[in-house]
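Thanks for coming, everyone. Let me put the model up, and then we'll walk through a few places in it.

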Amino acid sequence: MNDFYDLHYRLIIEPDLTTYTFKGHAELSFRPARPLEQLTLHCLGLAVENCEVQWDDRQAPAAIRIDEAEEQLVIDLPETFERPLTVCTDYRGVISDGMAGFYRSSYRVDGQAQPLAVTQFQESDARRALPCLDHPRHKATFDVTLVVEAGHTAISNGRVQTVTPRADGRLEFVFERTPRMSTYLLFFGVGNFESVQDDEDPRVRLMAGPGATPYGKLGLAFGRQSLQFCERYFGIPYPLGKMDLLAIPDFAFGAMENWGAITFRENLLLDDPATTSKEGRERICEVIAHEVTHQWFGNLVTPADWCYLWLNESFATYFGYGIVDHYYPDWGIWEKFVLGQTDGALQRDALLETFPIEIPGGEHMVINTATAPIIYSKGGSILRQIRDYIGEDNFRNGLQHYLQTHAYDCAGSQDFWAAFEAVSEAPVSAIMRAWVEQPGYPVLTAERAGDTLRLAQQRFTFEPQEEETLWPIPVTLRLFAPDGTQRQERILLEAAEQRIPIGDAVAVKVNDGQTGFYRVAYADAAQRAALGVLVRGRHLTPIDRWGLQNDLFAMVRAGREQLSVYLNFLSWYADEADYMPLVSIDRHLRQAHLLTGAKETSRITAAGRKMTARILAQIGFEPAADEPHAIATLRDQFLFSAVVFGDTEATAFARATAERSDVHPDILKAVHQADAFLNGGAAFERLVARFQRASSEHERQVVLTAMGCFREPDVLAQARSFVLAEVPDRNRFIPLVAMGSNPDAVVDLWEWFAGAQDQLADFHPLLLERVIAAVIPVAGMRDPDAVEAFCSRYLEDHPQAADVVKLSLEKLAINLRFAAAAEDPA
């Protein structure tokens, strides 16, 4: 129920980039839905100096009080109101350094810092910059005025209407009124921005620090392409007069979809040819497409409550890849979606400590390490599953119907599947409700009995549990006949089990094309062997070859199969040459190498060394001109893995390349990682020097990742000290996370982490969560009892970290069981 109608804000913001403070004047006009005596606004960290109420031709002061615990400004109105009124507040605030609300950053030009200030309001931080109704259901229009020092540029959601010099030398920027939107989408910024406009579509503009706009060609062009794709596909024109893409140096998130003023980390918008890899360019395009999709999913149609946030993020995740695939089909981006988004969600959602996509509650929700893989990755994967089930035409028509029905308004999950059922005869509501409202996902056990295949579903988790949850599962089968022909069959599995006639099929691949969000366990070795023959003969697609071994490794992690079974199954992949299965196998071997003791280590190392050496011999150590993106990405991963697994040729190449100044961007990360792994203190000095002279954020992040790869305890300690003292807040987590998957670093990483709490206290909460999630599951294996005791005390003081701590402790338990089973299979 909406308590307010015709909401409109008029804002005047006056930032001071010398003192990092600001003055604000906010006028909130509305018509109450019922008699109103008291108005409660959200307000956090603001000093409200005056409050006045205006109605008809009258005005009167209003008494106020601030409830800091509830982040509220309570206003006692001068009388009971049923007619329209305007509430005016004058206030002051601080431009913080916390990367939330109205916060400060800086560009570096010729070694000098040039200040800027921008906003980041999602999910609930607009209240740090203005007293407001800070919930997505309270959509309003906004008139924004910024008063800034001469020489600075001001930016907001709309186009600039006027720029007027003031008597005090400052400039007053007045912006066009916004469409009706939620407070978390409001944006304003001020600084010494440079801009470049797209030649084909003048609505699209890229803004960055002085001298950086030449690196924006790819981002600017792909921003235009993404905008054009969305307008065509969704059937609704973009409603604003401009779409700015802004590169921001200090940013906790990857990007933010502020309507008409999208902000990005610099490495996710700017492409420096000297340091940005092909994988980096793919990521730039994917993130731009993600944020442009939000201009419709989230901005045009907004979740009625935070529990429906998946309606924003799942679609943006899905189309973030879909738009890239549309323009660059040769990049194989859907394989990377499954390898990154779907597999990441399958791993996250296999924990007992998980959530449904539609997270219960909703009044206040945080995107964090625990929730993001569910809302973004699982949600996007479920959209891929439902699209495959109902078909492309019904999928597109359903999306258009949903957007047209709820444009400039709010919606919930039920509105989404009602829109799909309006255009499709498929039982979308029943299917989607189960997948969106239930946590977890199923494993299908496939058991053959003659000419029948029995499929049985149960919830899949890494830790033991007894739960009889059922899902309506769109199942796709591929049947292979003795004469070499094959056919596809589809069923909707709604019961606990179902028997399917398969005739004389010699093999059946369940989850053909890996479009379903579930795992498959084949009940006996004969079924796996029959599929293995198809793997070796390359009769299965790369994505299906990936799925077979990936599900099997998941069964090992769940204690349902032995590690030796997985390693034996890899013999069918002896001649594997495709990116997706190779990258996955390498990751599994690296994970097993990290977790297991001496008994299996030599076998794992030998398997990894043989595979990486074979592939590097085929594709070479040095990148070739115009080679496929998949080959470039594969080489960068395999080069460092080959060094870790002890391949002599890769090690010799890495040593010879470490001090070169002309290393190709596509192997730069691997070369720096290998340098750290092989050369210790000398490598540390090189990496510090490179970090200090790095001109791009991409290069800085590559160097910081390598700083997590040292082996010597004293060098690792040096690296941690350097990171905490010299690295900007936005990036300090990167090497610490890398250390969490380094077998040599984890030896004393937990002891360091437990003793470094004072130094970690000022990390941005989201970035600290990434460190916690990286440290506990592996570094904690040396003394799990001490870790449990520490976490119990930690949560008493940091209850907001409960989600990430609980999931990290569960991963720790899974890893301990995995390691014990590898050492003692009996």
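Predicted model: local features only at pLDDT ≥ 70, side-chain atom pairs only at ≥ 80, totals over all residues.

Before we start, one definition.

With that, go to the loop between helix H13 (598–619) and helix H14 (629–644), where you will find Asp 626. Asp 626 is not a glycine, yet its phi is positive, about 60°. Is Asp 626 buried or exposed? Its relative accessible area is 79%, and exposed means over 50%, so Asp 626 is exposed.

Gln 514 is not a glycine either, and its phi is about 55°. This one sits in the loop between strand E28 (507–510) and strand E29 (519–522). Here the relative accessibility is 5%, and the buried class is anything under 20%, so Gln 514 counts as buried.

One more backbone point. Where is the cis peptide bond? It runs from Gln 122 to Glu 123, with omega near 5°. Glu 123 belongs to the loop between strand E10 (112–120) and strand E11 (141–148).

On to two arginines. Arg 478 is in strand E25, residues 473–480. Its relative accessibility is 19%, and the cut-off for buried is under 20%, so Arg 478 counts as buried. What does its side chain pair with? It makes a polar contact with the side chain of Asp 512, at 3.0 Å. Setting aside residues up to four places away in sequence, Arg 478 touches Gln 486, Arg 487, Gln 488, Ala 507, Val 508, Lys 509 and Asp 512.

The other arginine is Arg 711. Look in the loop between helix H17 (697–706) and helix H18 (713–726). Arg 711 counts as partly exposed, at 38% relative accessibility. Its side chain makes a polar contact with the side chain of Asp 744, at 3.1 Å. Beyond its neighbours within four places in sequence, Arg 711 is in contact with Ala 676, Phe 677, Leu 716 and Asp 744. Pro 743 is 32 residues from Arg 711 along the chain, and their C-alpha atoms are separated by 8.2 Å.

Last topic: helix packing. Two packed helices are described by the angle between their axes and the distance between the axes.

Take helix H2 (residues 278–294) and helix H3 (residues 310–327). Their axes come within 7 Å and cross at roughly 130°. That makes H2 oblique to H3. The crossing is right-handed. Which residues make the contact? From H2 we have Cys 285, Glu 286, Ala 289, His 290, Thr 293 and His 294; the H3 residues include Phe 315, Phe 319, Tyr 321 and Ile 323. By class, this contact has eight nonpolar, six polar and two charged residues.

Then compare helix H5 (residues 372–390) and helix H6 (residues 392–406). Their axes are 6 Å apart, at an angle of about 120°. H5 and H6 are therefore oblique to each other. Leu 383, Ile 386, Arg 387 and Ile 390 in H5 meet Glu 392, Asn 394 and Phe 395 in H6. The classes here are four nonpolar, one polar and two charged residues.

That's the tour. Questions, please.

Conventions:
Residues numbered from 1 in each chain as written. Heavy atoms only, no water. Helix = DSSP H or I, 4+ residues; strand = E, 2+ residues; numbered from the N terminus. Buried < 20%, exposed > 50% of the residue type's maximum accessible area, 1.4 Å probe, protein only. Axes fitted to C-alpha atoms, helices over the stretch in contact; angles between N-to-C directions. Parallel < 35°, antiparallel > 145°, perpendicular 65-115°, else oblique. Left-handed = near helix turned anticlockwise from the far one by under 90°. Contact = heavy atoms within 4.5 Å. Nonpolar A, V, L, I, M, F, W, Y, C, P; charged D, E, K, R; others polar. Polar contact = N/O pair within 3.5 Å; in protein donor to acceptor, adjacent residues only side chain to side chain.
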